[in-house]
Amino acid sequence: MHEDIKNNLTAMKITLVTALFILVFVAGSLNAQENKRNPYHLNIISGREAYIRLIRADSLKRLLDIRKEVPGIVLDIRYATSNNFTHKKVYTSARAFARLKVVRSLAGVENELSKRGLGLKVFDAYRPYTATLLFWDIIHDTAYVASPATGSRHNRGCAVDVSLVDLKTGKELQMPTPFDDFTPKAGSAYREIPQTAKLNRQQLISIMSAWGFTVYPSEWWHFDFNGWKDYELMDLSFEDLDTIKDQPVIH
Ligand SMILES: [Zn+2]
């Protein structure tokens, strides 16, 4: 009898120690996974639950599908194709999301442009933080891509890369350079460019400024939404955002 109790106690001890080992191992690997997606320990909203908590606390922080809210807007999401500087397909689908206030402003821009027979073309909008890590893996240079140590304003759903299109032809207006040209010519104030390109660039910058955006000095197509600092970095995939149904339409 005494031997039985001793054996049972030993078995229990072994089970407990094994369980503890498993727990430490699982926690460790989860932590490693988390670190891989957030190696700089930034405040990043990732995962559906964290995002739902965020938008319940502040509904202005919702990320909305730009195409659904601004139906006429043209999308040319380069990172959903291999036609971009990485020569790789980075996004799983050609989608454009941005925070509610950003989308409202884009709707204002689009409405005003339509009176001139013009519209916006979007190359990129909200970019999950994971994509910024991927860009960094490919090109280790802050002149070309945002440093993952700080994240990009695109990760905050507060930046858009845009150009102008003629509504009749659907063609892009002449601009100083193509999208993601990393030469000085892409600078928002660069002077040695054809007059038409200069006027078109000015038209884009002034309308975007009127609706609360600031152009990035080295990229005529990149606009930050004023107040971007109030929005967290995000790492939700487009698919994650699609599955969250409680995102009402703007009225
Ligand atoms: Zn950009």
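Modeller: The account below concerns the zinc site. This is a predicted model, in which local features need pLDDT of at least 70 and side-chain atom pairs count only at pLDDT 80 or more, while totals for chains, interfaces and linings use all residues. Residues are numbered from 1 along each chain as its sequence is written, and side-chain values use heavy atoms, with hydrogens and water left out.

Donors are N, O and S atoms within 2.8 Å of the metal (3.2 Å for Na, K and Ca); because water is not among the atoms, sites may look incomplete. Around the zinc ion, the protein donors are His-154 (NE2), Asp-161 (OD), Asp-161 (OD) and His-222 (ND1), at 2.0 to 2.8 Å. The four donor atoms subtend angles of 51 to 153 degrees at the zinc ion, so the arrangement is irregular.

Along the chain, the donors follow the spacing H-x6-D-x60-H. Asp-161 lies in strand β6 and His-222 in strand β8 (residues 219–225), so the pair ties together parts that are 61 residues apart in sequence. Strands (E, at least two residues) and helices (H or I, at least four) are DSSP runs, numbered from the N terminus.

Asp-161 is buried at a relative accessible area of 2%, and His-222 is buried at 8%. Buried means under 20% relative accessible area, exposed over 50%, and partly exposed in between (1.4 Å probe, protein chains only).

Notes
Tetrahedral: all angles 85-135°; square planar, octahedral: opposite > 155°, others 65-115°.
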